[in-house]
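Subject: Structure handover and findings

Hello,

Here is the structure I promised to pass on. Please open it next to this email. My notes follow below.

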Amino acid sequence: MVESDQEYAPDASDDDLDAHQVSRRAGGLRANRQIESAFNEVRRTWEDVEEGEDGTITKTIDSLLQQGKRKRTLKDTTPLQRGIIRHLIIIIDLSAAMTEKDLRPTRYLLTIRYCQDFITEFFEQNPISQIGIIGMRDGLAVRVSDMSGNPSDHISNLQALRKDDPQGQPSLQNALDMARAALFHAPSHGTREILLLFGSLLSSDPGDIHKTISSLVASHINTTVIGLSAQVAICLTLVKRTNPHSNPQKHYNVALDEVNYRELIMRLATPPEAHTQQATAVNDSNASSLLMMGFPSRVTDPKPSLCACHSRPTSGGYLCSRCSSKVCSLPTTCPACSLTLILSTHLARSYHHLFPLQNWTTVPWSQARSSTHKHKTLCFGCQAPFPTHPMKTAKQVSKATLPTKPAFSDARNAESASTEPTMPHRSRPRADSMSQRQRDEDQTISESGRYACGSCEEFFCVDCDAFCHEIVHNCPGCLSREGEVMARTEGLEQNGAAPEQMEGLVTNGDQR
């Protein structure tokens, strides 16, 4: 029998059937009310748009742009031990479920585009890490890109996927087994991670997937899942067992829309926290306190010669500092002696994750107009002028000085109150929640357009705030103070100053 959501009334009279219809109609009305109340909880973004004094919405647009910039820069700046040498496998769902168009243009094309952006951002923040890509289609696991540290190879392999259409059913077990085999030989001093982009609601597995999950736990592999349809029970079990020391909501999320999907993927560019229990679980014979690395120099040969990594004739490359084998690009591992080859700039770019730049605070108008900071009218970074304090215009003053209208009598007030339409009670909590949300967003935006560093107390604009926290990872004000102190110290040393004077200069410089 076909399942139905309606009740069945056997051998009932006409009166009973009418009563039965009324009960169904009442249940439908209750369901409609629940749907309507849930719809009222949705935030209506067009109500947040406010018209400015000049009759345009430029002020609202600028405010939204500042909110987006501040949201990216406000991160957790607690210094934690993180794994800066990462080994990540990206598993992409290539099944027929990725042809859905709930994410424009399709889940398949949007995932490929976001993966390309993620790989670029990943190697920008983790230059001495490696990535591999695996696909799931027709119940099989397909190797898209081998484990390597060259982003160009990964991006070109992802672009080649656009020619193929997603088809078949995914096999989560086969993909996890292939990912475990690729991460099995990863060194113990690096992390082992899997990123699963899962768009289907089922998995066509040849065996017991719980045994595969147990093998991942034994290999100390952490898994992160981003769903595109709904939450799947086996994915939640996978995340809970491979991340026992973290909250499952941190590693398993379902994308709400295109913007949220990109945020969930880009969030994984930051190295994960290293837990003490995970570090002690590794065998002591394999654990390393120091890691040997080579810093080769670039050479240019007059005639092309074969490289050790691809066996291709190239005229330029890098010579291994141990065995003098030539490789095409850095960072990489020497194919002959297995030495990690990097540049000093790669190591410096990975260092900022261990000691992140502290978040800058918003500056209210009372602090900006104080006697101490009144002279700071330009951004310390880009020298752009800060906005001036908004004064009341003559039109606003004239409106404020107009005489008020006489108050109505109590009877007239009661009559007008009875004739005016009242707002439904269910919309009041929504307005209160929207006002609270608006107040929370306003706290992240400076009313004066100024953001202050807690160490040097210099003021910066929102563009410099985003640039320093996302690209430079250093404060220009703090660096300039350190350079000034060093220059004065060198001058005193040349003039033969006493050590006590130089110590006092450094102390005063740190206090400023």
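In which loop is the place of P331? P331 sits in the loop between strand 10 (326-327) and strand 11 (332-333). Strands here are DSSP runs of E with at least two residues, helices are runs of H or I with at least four, and both are numbered from the N terminus.

Two points before the rest. This is a predicted model, in which local features need pLDDT of at least 70, side-chain atom pairs count only at pLDDT 80 or more, and totals for chains, interfaces and linings use all residues. Residues are numbered from 1 along each chain as its sequence is written, and side-chain values use heavy atoms, with hydrogens and water left out.

Backbone

A cis peptide bond joins L330 to P331, with omega about 0°. Another cis peptide bond joins R104 and P105, and its omega is about -5°. P105 lies in the loop between strand 1 (86-93) and helix 3 (107-125). Most peptide bonds are trans, and most residues other than glycine have a negative phi.

D138 has a positive phi, near 55°, and is not a glycine. Look for D138 in the loop between strand 2 (130-137) and strand 3 (140-148). D138 is partly exposed, at 42% relative accessible area. The scale is as follows: buried is under 20% relative accessible area, exposed is over 50%, and partly exposed is in between, with a 1.4 Å probe and protein chains only.

Q383 is also a residue other than glycine with a positive phi, near 60°. Q383 lies in the loop between helix 12 (365-368) and helix 13 (394-401). Its relative accessibility is 47%, so Q383 counts as partly exposed.

Helix 16 (residues 462-472) has V462, C464, D465, A466, C468 and H469 as its buried residues. After helix 16 comes H473, with a positive phi near 60°.

Helix 6 against helix 7

Helix 6 covers residues 209-218 and helix 7 covers residues 233-242. Their axes come within 9 Å and cross at roughly 25°. Axes are lines fitted to C-alpha atoms, for helices over the stretch in contact, and angles run from 0 to 180 degrees between N-to-C directions. The two helices are therefore roughly parallel to each other (angles under 35 degrees; over 145 is roughly antiparallel, 65 to 115 roughly perpendicular, the rest oblique).

Helix 6 contributes I209, H210, I213, S214, L216 and V217 to the contact, and helix 7 contributes I234, T237, L238, R241 and T242. Contact means heavy atoms within 4.5 Å. By type, these residues are six nonpolar, four polar and one charged. Ala, Val, Leu, Ile, Met, Phe, Trp, Tyr, Cys and Pro count as nonpolar, Asp, Glu, Lys and Arg as charged, and the others, Gly among them, as polar.

Aromatic pairs

There are five aromatic pairs. Rings of Phe, Tyr and Trp (its six-membered ring) pair if their centres lie within 6.5 Å; planes under 30 degrees apart are stacked, over 60 edge-to-face, and the rest tilted.

One of the pairs is Y114 with Y261, edge-to-face, at 5.5 Å centre to centre and 65° between the planes. Y114 is in helix 3 and Y261 in helix 9 (residues 258-266), so this pair ties together parts 147 residues apart in sequence. Y114 counts as buried at 6% relative accessibility, and Y261 counts as buried at 0%.

F122 and F123 have ring centres 5.4 Å apart and planes at 90°, so they are edge-to-face. Both F122 and F123 are buried. Ring pairs link F118, F122 and F123 into a cluster.

Best wishes
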